[in-house]
Amino acid sequence: MASQSIQDIIEAIPSHYRGPGGAVAVLKHGDLVGQQVWGYADLQKRIRMTPSTLMPICSITKQMLCMILKDLERNPTPEMAKRGNVRLQFSDALDQILRPEITKDTGIKLEHLCHNQSGIRDYWAMSMFWGSQPDGEFKVGEDGKKALDRTRSLHFQPGTQYAYCNLNFHILARMVESVTGEGLGDLLAHRLFAPAEMKTAALCPDNANLPPPCVGYEGTESFGFIPATNRIEWSGDAGVVASLEDMIAYERYLDKSWDNENSLYRAITQKQFFEDGTLARYGYGLEHGNVDDVATIRHGGALRGFRLHRLQAPSERLAIVVMLNHEADAEETATHVLKEILRLSRQQIPALKVVTPSPRWFGTFFDPDAQLVVEVRHGGPGNIVVSYAGSDETLTCLDGDRGQSNTMSGTISGDTLTLHRLVDNRLIHANRITAGKEKFKEDYVGQYHCAEVDSTFHCSGTGDMLYGSFDGFLGQGPAHLMRSLEPDIWVLSCPRGLDAPAPGNWTVVFQRDERGDIAGVVMSCWLARKIAFVKQGADI
């Protein structure tokens, strides 16, 4: 494999994924074989991006937290060792953090959190119900405790499904701090950053005070790039800042540990399973999948204005790191680089015959189990695009009525859409929604309350032009546009939230009593499903 060819591949990245600045590195057997750093860390001050520029690596922090957790199990602090059973200490701490109705009634375990199989709803999605503003504040201590206190039920039984949940890792971090008596930043510094020689990496929970000079940018080249405002704190689900130099050192550390089956990294990359024995594709803060026929281990990170991704192909001993201070797709970038590198050393894979999808695919469907809308549209020759889990997923047509990707298969039969989501361990049967022409009633408008999560929903407007807003412990949130799919099933759009990416579209299903009057509403997104509100009365 020619290192110059790899360099050529990554030197083309800036023009394909245009934005203020970025950094990419490729390692082979732990050796740096390609690196590209371009653009500006700060456009306004004209400060260039460099390999030493620190950026928030966001959710890539999750795997690092899991390595700390494993290291503490193997090498407990002296005080932990004196107390005896380490697993029991963690279990007791988890019982203290979560409400009793969750820990006692559901059988939730430490591993359910590590593998995103807990059934806990994501707190960044839920923050909309608590009246958050997109640029609002959220404090790890004060607001984190309030979010946990309002976590009183699950949206599925632990161990049966997968759903991405940042709150899982917030809980794990608080559990580790409680048991060790040390802050997460100190634990990361001496148990991971020092051994990995990540010289400038650190935990920086406060996104309003990230180390200079790097600025994250929202926007596009045509619209313009605007400095992103972030005022949230997170620690465990994210919070680490690192430079490209740090991430190169991290990949070297992981590559060295790959040959040792007893290493921390190998421990967190082991196969995980659901309770029914099905292989899980996520575990200990790492996603497992394939690029073409090559197995990969990966994870991304996102904050408003930043997109990052690390991807490892163990069989090739390849690692790719992408760090962007704008909102181009870092995962797509890393995947593109890997595919191009593989193409250098392999014969071209023959193109599959393009199959025209049946027109029955296209439209809007409703999943009654999760109370979620599925939208299907054209995706180019031979492809369909499914929007269900907060982002678009592309299926390649095997024949007119069957499609498949690495993470999902689907069929269409009449007005029934069936999706087998391999990552989620869910089989979905969704029914087509056909927009009705009947006149909209005015009884949607009013005030609704959810006692469980302590939130008030205000529905306002007239006819088919409705708006939704929420009040909670974070304040009074903005009004969001609502769009009717059919009477009683609506979509509420939330394109900007506290976290990035935002929750996106919420499915809003109005509930009627035996008289046909609106009695309540159930709201769902992929990150947080089936939150029920009771109608209190009309707004004035």
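Start by selecting S6 and strand S10 (residues 240-242): 2 bridges join them, and the two run antiparallel. This is a predicted model, so keep that in mind as you click around. Pick Ala202 next, and look across to S10 for its bridge partner, Val241.

You have an open sheet of 3 strands in the order S4-S10-S6, with antiparallel pairing. Strand S4 (55-56) and strand S6 (202-203) are the edges; each has a single partner strand, so one side of each has no neighbour in the sheet.

**On to the other sheet**

Select S3, S2, S1, S17, S16, S15, S14 and S13. These 8 strands make an open sheet, ordered S3-S2-S1-S17-S16-S15-S14-S13, and the pairing is again antiparallel. Which strands stand at the edges here? They are strand S3 (47-48) and strand S13 (282-283), each with a single partner strand, so one side of each is left open, without a neighbour in the sheet.

Zoom in on strand S16 (residues 306-313) and strand S17 (residues 318-324). They run antiparallel and 7 bridges join them. For a landmark, show Leu308, which stands opposite Met323 in S17.

From H3, the contact uses Met64, Leu65, Met67, Ile68, Asp71 and Leu72; from H11, it uses Leu184, Leu187, Leu188, Arg191, Leu192 and Phe193.

**Last stop: cysteines**

How many disulfides does a search of the whole structure find? The count is 0. Select Cys66, which is in no disulfide: the nearest cysteine sulfur belongs to Cys114 and is 4.4 Å away. A pair of sulfurs has to be within 2.5 Å to count as a disulfide. Is Cys66 buried or exposed? Cys66 is buried, because its relative accessible area is 1%.

Finish on Cys204. Cys204 is in no disulfide either, and the nearest cysteine sulfur, on Cys58, is 11 Å away. With a relative accessible area of 16%, Cys204 is buried; the cut-off for buried is under 20%.

Methods
Residues are numbered from 1 along each chain as its sequence is written. This is a predicted model: local features need pLDDT of at least 70, side-chain atom pairs count only at pLDDT 80 or more; totals for chains, interfaces and linings use all residues. Side-chain values use heavy atoms; hydrogens and water are left out. Two strands pair if DSSP finds at least two bridges between them. Helices (H or I, at least four residues) and strands (E, at least two) are DSSP runs, numbered from the N terminus. Contact means heavy atoms within 4.5 Å. Buried means under 20% relative accessible area, exposed over 50%, partly exposed in between (1.4 Å probe, protein chains only).
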